[in-house]
Amino acid sequence: MSLVKDYMIRTMNSVTPDDSIRKAIILMYRSEQSVLPVVDHQNQFVGTIYSNNILKNIIPESFGFLDSSRLFYEVNEAVENLKYVKDENVEKYMARNRDAVKENSDMKKIADIMLNNKESLLFVINDEGFLRGFIERSNLLHYLLDEAENHSK
Amino acid sequence: MITTVTLNPAIDREYFVEKNEVMKNQFIYNEEDLKIYPGGKGLISAINFKELGYSDVQNIGFVGGKQGLFFEKMVQKHDIISNYIYTESEIRNNVKIIGKDPATYTQYNDYTFEVEKEEVDELIVRFKRSISESDCILIAGSVPEGVDFDIYQRLIKIAKGKDKHVFLQASGEALKLALESEPDVVAPYFKHHKTILDMEMEEKKDYIKAGKKMQEMGAKRVMIPFHCDRILFDKNGDVYQLSPKGYCIINWLGASDAYNTAYLDYAFKTDRFDFIEANLRGGAAALWIAENKEVYLNERKDYNDCLDRLEVNKLEV
């Protein structure tokens, strides 16, 4: 049986609910991750902060339907909004979901979760709820490729 | 969970050439003549711990720029949990050129990496929350530009405040200041000058004086490299000399990290800790690395075979 810990990416890259949105944005672009886990002060997973959520809160209403004539105006407004939002806490914009998977879970279960919802990335925790890293669709594909090649042998 | 701290990591690049000549283009076609690996004290020990079978090992520190992300990928490939503060400045690259005939070794050490104050503050915050699962913290290596020399003192104080066991391998001013926070084990190393606590190290008595001084300043146990030996200072005041016998050194890289790993591995596995036994394991691991081309440990059995070539003598001081 293949486990999540055989395919996951091990990293503690994370923010806490009382970190600022500015800090989360800097971490996102420096680590090239648009989704970050949110942990408490003991490193227990408590939720997720999505770059999309931040964007939705600074580009009002028409996010996703910007036409070019309004783009300049919308971007300026987003910049103005971000001046306020950047100092607010991650807590206000995070998703308090508990959709993390355990490092000892079966990879088949991950395939189910990823294929049945829109999550392209799932955070991985240990049995005590401490953050261990993440697993994404490319890791799932890696697992499926291994399975396919093992079957054909 | 074992936590290792590497504040000043580097991408180490080794180029093996037939003859290292200036003003000459060299072409490398064989994969074995080019080695690229993540370097830094602390990190090598982390890799060793993984090789010895520890499930959760994290490495905390700074990495910078796009090359920092490449470095992190290399670390993750060893199944180590990366726990890095990403800096604006690019990570260091150390270039080593090894000529085969005649045997030459040329090293270009990159000291351009620089850390901002905000990044140091973030490291402190991250360290506080990341050690909650660890009983032991291994802090090793140099301090990058932009980080104050009291950084180890601050990290050790946080760890000791949470009842963690701290092993420190450091040099210079960072070492001197760190002693105030009373680390459990200290292994100083020489960087640019052969000094410890600003004292020149020439004869054995200088090393003994430095070891005693470090204990007075807060270290509980000290192990100082003394040529190919180690001088050991137990917490009850006893001093010993650990010496290898009948050895042939072909590689220094990774030897001190192997020492630290095997010392701690013994400490983790035993209910009745014995300082001499721990150092014998450390010495055996260092000897195994020094006599092989390996940088990382493989199995305990490899280095345990070196145990009978080590001797420990108590010194009268």
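Predicted model: local features only at pLDDT ≥ 70, side-chain atom pairs only at ≥ 80, totals over all residues.
Start with H4(B) itself, which spans residues 151-161. Its buried residues are Ile151(B), Tyr152(B), Gln153(B), Leu155(B), Ile156(B) and Ala159(B).

H3(B) deserves a look of its own. This helix runs over residues 117-130, which makes 14 residues, and reaches 20 Å from its first C-alpha to its last. That is close to the 20 Å expected at 1.5 Å a residue. Buried along H3(B) are Glu119(B), Glu122(B), Leu123(B), Arg126(B), Phe127(B) and Ser130(B). They sit on the same side of the helix, because they cover an arc of only 140 degrees around the axis. A bit of helix geometry is handy here: an α-helix has 3.6 residues a turn, so residues three or four places apart point the same way. The face of H3(B) turned away from the buried side carries Lys117(B) and Asp121(B), both exposed. As for what the buried residues pack against, the partners in chain B are strand E1 (2-6), strand E4 (57-64), strand E5 (81-87) and helix H4.

Chain B also has an open sheet of four strands, in the order E3-E2-E6-E7 and with mixed pairing. At its edges are strand E3 (34-39) and strand E7 (104-108) of chain B, each of which pairs on one side only. From one strand to the next, the twist averages 15 degrees. Strand E2 of chain B, residues 10-17, pairs with E3(B) in the antiparallel sense over six bridges. In one of these pairings, Glu14(B) has Lys35(B) in E3(B) as its bridge partner. Helix H2 of chain B, residues 65-77, packs on this sheet and touches E2 and E3 of chain B. The direction of H2(B) makes about 90 degrees with that of E3(B).

Setting aside neighbours within four places in sequence, Ala10(B) is in contact with Gly39(B), Gly40(B), Ile91(B), Arg92(B), Asn93(B), Asn94(B) and Asp110(B). Lys301(B), by contrast, is 291 residues from Ala10(B) in sequence, and their C-alpha atoms are 30 Å apart in space.

Now for chain A. It has five helices and six strands, which run β-α-β-β-α-α-β-α-β-β-α from the N terminus on. Its C-alpha atoms fill a box of roughly 60 × 40 × 25 Å along the principal axes. Of the 153 residues in chain A, 29% are buried. Among contacts in chain A with a separation of 6 or more, 60% come from residues 24 or more positions apart.

Chain A has an open sheet of four strands as well, ordered E1-E6-E5-E4 with mixed pairing. Its edge strands are E1 and strand E4 (101-102) of chain A, each pairing on one side only. E1(A) meets E6(A) in the antiparallel sense over two bridges, and Arg10(A) has Gly133(A) in E6(A) as its bridge partner. Helix H4 of chain A, residues 107-116, packs on the sheet and touches E4, strand E5 (121-125) and E6 of chain A. The directions of H4(A) and E5(A) make an angle of about 145 degrees.

Finally, the two chains touch. The contact takes 15 residues from chain A and 13 residues from chain B. On the chain A side, the elements giving two or more residues are strand E1 (9-10), helix H1 (21-31) and strand E6 (131-136). H1(A) gives the most, with three residues. By type, this side of chain A divides into five nonpolar, six polar and four charged residues.

Methods:
Residues numbered from 1 in each chain as written. Chains lettered and ligands numbered in written order. Contact = placed C-beta atoms within 7 Å. Nonpolar A, V, L, I, M, F, W, Y, C, P; charged D, E, K, R; others polar. Expected span 1.5 Å × (residues − 1). Buried ≥ 20, exposed ≤ 12 C-beta atoms within 10 Å, placed from the backbone. Arc of directions from axis to C-beta. Pairing = 2+ DSSP bridges. Axes fitted to C-alpha atoms, helices over the stretch in contact; angles between N-to-C directions.
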